[in-house]
Amino acid sequence: MKRKAPAQNKVRLRRTRTDIREALLESALVEFGAKGFDGASTRAIAARVEAHQPQINYHFESKTALWTAAVDHLFERLAEALVGVIPAQPGGVEVAQLAAAFAEGIRRFVAFAAEHPELNQIMVHEGTAASERLTWMTQTHVRPVFDGIRPAWQILRQAGIAAPIDNDILYYVLIGAASLPYVNAAEVRLLTRRDPNDATWIGAHADGLVAILLPGLAAAGGRPG
């Protein structure tokens, strides 16, 4: 007697271990971003991607290990979005070229912040109090970004292309201005009746930020927007 083939609606595709791990990381970023480390629930992280609590325990030895892996995953994606944009040795680059590269970096960062509001959310949650997590995240991921943009910014300031903003303060101006509309997306929709995740909004936001931070870009021969 022939065995009946399983019904179409009962066939379930198995996700690979890699798929499940990545899905858990993406879910963890949303949960940690919304609620912070202490408020985040590993049960909720699993449920969001239709996984089970033991699957988190299988892939990550602790909640801290899950948080660390999720932050690594997030900054790896940021690095991929910004790779090759701002020269590592800006002193050997023509000023106009450097200005255009910095502007492109701003645009890419705005696009990333729109797609991943959890970046700013997690940084704000962790940045409000000293902790081992904050120290690790700052030294491992934040400082390389902080140190990476300062030399180029200093050159652009001296050339009169960049706004006269302190090298250290520039980091916070850029991060805050690029991220806030997407972290506060619900408020944006109520206040402006526009969708901050719309491509038109993101493009206008990026161009506006470039205009504010690099007022001398057009005169230097860079693309103003």
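## Salt bridges and a helix pair

R108 is partly exposed, with a relative accessible area of 31%. Partly exposed lies between buried (under 20% relative accessible area) and exposed (over 50%), using a 1.4 Å probe and protein chains only. This is a predicted model, so local features need pLDDT of at least 70 and side-chain atom pairs count only at pLDDT 80 or more, while totals for chains, interfaces and linings use all residues. Residues are numbered from 1 along each chain as its sequence is written, and side-chain values use heavy atoms, with hydrogens and water left out.

**Salt bridges**

The whole structure holds ten salt bridges. Each one puts a side-chain nitrogen of Lys or Arg within 4 Å of a carboxyl oxygen of Asp or Glu. Three of these pairs are listed here.

| Pair | N to O distance |
|---|---|
| E31 and R48 | 3.1 Å |
| R108 and E104 | 3.1 Å |
| D195 and R189 | 3.2 Å |

D195 is partly exposed at 35% relative accessibility.

R108 and E104 both sit in helix 5 (residues 95–115). They are four residues apart, about one turn of the helix. E104 is partly exposed, at 26%. Helices here are DSSP runs of H or I with at least four residues, strands are runs of E with at least two, and both are numbered from the N terminus.

The side chains of E31 and R48 meet across two helices. E31 belongs to helix 1 (residues 17–39) and R48 to helix 2 (residues 42–48), so the pair ties together parts 17 residues apart in sequence. E31 is buried, at 1% relative accessibility. R48 is partly exposed, at 41%.

**Helix 4 and helix 7**

How do helix 4 and helix 7 cross? The axes of helix 4 (residues 63–82) and helix 7 (residues 132–158) come within 11 Å and cross at roughly 25°. Axes are lines fitted to C-alpha atoms, for helices over the stretch in contact, and angles run from 0 to 180 degrees between N-to-C directions. Helix 4 and helix 7 are therefore roughly parallel. That label covers angles under 35 degrees; over 145 is roughly antiparallel, 65 to 115 roughly perpendicular, and the rest oblique.

Helix 4 contributes W67, T68, V71, D72 and F75 to the contact, and helix 7 contributes R133, W136, M137, H141 and V142. Contact means heavy atoms within 4.5 Å. These residues divide into six nonpolar, two polar and two charged.

Methods. Nonpolar A, V, L, I, M, F, W, Y, C, P; charged D, E, K, R; others polar.
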